[in-house]
Amino acid sequence: MEGSPGQHPSLFSPFKMGRFQLSHRVVLAPMTRCRALNGIPQPANVKYYVQRSTPGGFLITEGTLISPTAAGFPHCPGIYTKEQINAWKKVVDAVHAKGSIIFCQLWHVGRASNQVYQPGGTSAPISSTDKPIGGRWRILMPGGSYGSYARPRRLATAEIPEIVEHYRQAALNAIEAGFDGIEIHGAHGYLIDQFLKDGINDRSDAYGGPISNRTRFLYEIIRSVASAIGPDRVGIRISPAIDHLEAYDSDPMALGLAVIGRLNTVQQELGQRLAYLHVTQPRYTAYGQTESGRHGSEEEEARMMRTWRDGYDGTFICSGGYTRELGVEAVAQGDADLVSYGRLFISNPDLVDRFKVDASLNRYVRATFYTQDPVVGFTDYPFMGQARSKL
């Protein structure tokens with residue numbers, strides 16, 4: 001791990017992430033915001049990312065759809081058409097003008113969808129399985145109400161290479177848009193996680209059953225994408241111990257180590273490190289509570305994170321419920337190289353500056369996370385010294 005020579009690392013010390021020189025270790029986490037109308041980034045998206053840019057800072061975009069079948073929220077941006085690529089160029093150029101580095105998170109929700117989001121409005125979403133997400137989970141519909149997740153269609157073995165190709169082409173499109181790299185979203189119960197977790201994946205082909213088979217889809221995606229754009233432009237996010245959207249696994253420690261083994265193998269095969277591994281802390285939940293995970297105590301969760309961190313040969317990013325204090329501790333103790341922040345970055349566009357001086361933080365308003373308003377709850381949170389928002 002590379003940091004500043006001659007001193008202990010801190011959340012605010014420089015870090016060299018492969019080809020990228022970062023001035024601090026506070027990362028903008030990917031967060032769905034639903035402001036890209038009809039899948040096209042808007043001027044409001046440009047302003048949002050610029051507000052959160054700092055010289056030498058690192059930003060990861062919201063989940064960005066790799067194909068027309070990938071959606072499960074209203075008004076999420078895509079990266080599979082020329083219009084989308086051109087719209088993202090405006091975001092990237094503005095962020096680069098502020099001196100920040102920005103990666104595009106590539107996303108396919110898999111079974112976490114509804115027919116209304118699929119081509120033609122009638123198709124079943126695709127997955128590793130034909131088991132639907134249970135009724136206790138609800139999906140945000142285009143009109144703002146909540147509905148049920150659809151029963152998915154199990155991908156045939158012969159169809160899987162086409163999905164891998166969608167990821168590869170999306171990565172090339174992101175580079176065309178000017179992004180510095182991409183993050184593959186392999187976490188939180190979405191398509192890749194639906195292959196990884198044995199609580200979902202009930203396949204009997206080469207992509208199901210033993211853990212070596214369940215990690216094959218992810219391995220093929222990473223290998224394909226890294227070969228296309230360069231390993232040092234590819235990050236991957238995973239969440240082995242998180243059960244969001246019923247993404248359970250019977251042995252999350254082993255799953256995390258198996259994925260890390262695949263990543264280390266790719267790096268050896270291609271002769272270069274990937275950009276990073278981004279792991280969500282088990283305490284994360286979709287609704288903001290901090291609680292002990294399904295698989296044990298906070299001590300056990302910390303042990304898992306440390307084991308994964310020690311097992312991965314490269315830059316390690318942690319996320320999930322981190323405060324300033326927890327982030328400072330994680331870097332100082334060597335538990336992570338970088339720390340990504342989501343909800344706190346929503347309500348504090350100048351989060352890095354606030355953290356540096358330990359200033360008070362604006363409170364986030366959950367009710368405006370997923371609206372389509374281009375200002376309210378998106379770009380109107382105040383900077384330090386400005387009048388407080390009416391939110």
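Reply: Start with contact: it means heavy atoms within 4.5 Å. A residue is buried when its relative accessible area is under 20%. Keep in mind that this is a predicted model.

Me: What do the buried residues of H6 pack against?

Reply: Their partners are helix H3 (160-176), strand S10 (181-186), helix H4 (191-196), helix H5 (211-214), strand S11 (234-238) and H7. The buried residues of H6 include Phe217, Leu218, Tyr219 and Ile221. Ile222, Ser224, Val225, Ala226 and Ile229 of H6 are buried too.

Me: Why are H6 and H7 called roughly parallel to each other?

Reply: Look at the angle. Helix H6 (residues 216-229) and helix H7 (residues 252-270) pack at about 30°. Angles under 35 degrees count as roughly parallel. Therefore H6 and H7 get that label. Their axes are 10 Å apart, and their crossing is right-handed.

Me: Which residues make that contact between H6 and H7?

Reply: H6 brings Arg216, Leu218, Tyr219, Ile222, Arg223, Ala226 and Ser227. H7 brings Val259, Arg262, Leu263, Val266, Glu269 and Leu270. Sorted by kind, the residues of this contact are 8 nonpolar, 1 polar and 4 charged.

Me: How do you know that the span of H6 is close to the expected one?

Reply: H6 has 14 residues. The expected span is 1.5 Å times one less than the number of residues. For H6 that expectation is 20 Å, and the helix reaches 20 Å from its first C-alpha to its last. Just after H6 comes Gly230, with a positive phi of about 105°.

Me: What makes H1 and H2 roughly parallel to each other?

Reply: Again, the angle. Helix H1 (residues 43-51) and helix H2 (residues 82-97) pack at about 25°. The cut-off is under 35 degrees. H1 and H2 are therefore roughly parallel. Their axes lie 9 Å apart, and the crossing of H1 and H2 is right-handed.

Me: Which residues of H1 and H2 meet?

Reply: Asn45, Val46, Tyr49 and Val50 in H1 meet Trp88, Lys90, Val91, Ala94 and Val95 in H2. They divide into 7 nonpolar, 1 polar and 1 charged.

Me: Why does Pro282 count as buried?

Reply: Its relative accessibility is 5%. Buried means under 20%. So Pro282 counts as buried. Pro282 is found in the loop between strand S12 (276-280) and helix H8 (298-311).

Me: How far apart are Pro282 and Glu300?

Reply: In sequence, Pro282 and Glu300 are 18 residues apart. In space, they are 9.8 Å apart, C-alpha to C-alpha.

Conventions: Residues are numbered from 1 along each chain as its sequence is written. This is a predicted model: local features need pLDDT of at least 70, side-chain atom pairs count only at pLDDT 80 or more; totals for chains, interfaces and linings use all residues. Side-chain values use heavy atoms; hydrogens and water are left out. Axes are lines fitted to C-alpha atoms, for helices over the stretch in contact, and angles run from 0 to 180 degrees between N-to-C directions. Helices (H or I, at least four residues) and strands (E, at least two) are DSSP runs, numbered from the N terminus. Angles under 35 degrees count as roughly parallel, over 145 as roughly antiparallel, 65 to 115 as roughly perpendicular and the rest as oblique. A crossing is left-handed if the near helix is turned anticlockwise from the far one by less than a right angle, and right-handed if clockwise. Ala, Val, Leu, Ile, Met, Phe, Trp, Tyr, Cys and Pro count as nonpolar, Asp, Glu, Lys and Arg as charged, and the others, Gly among them, as polar. Buried means under 20% relative accessible area, exposed over 50%, partly exposed in between (1.4 Å probe, protein chains only).
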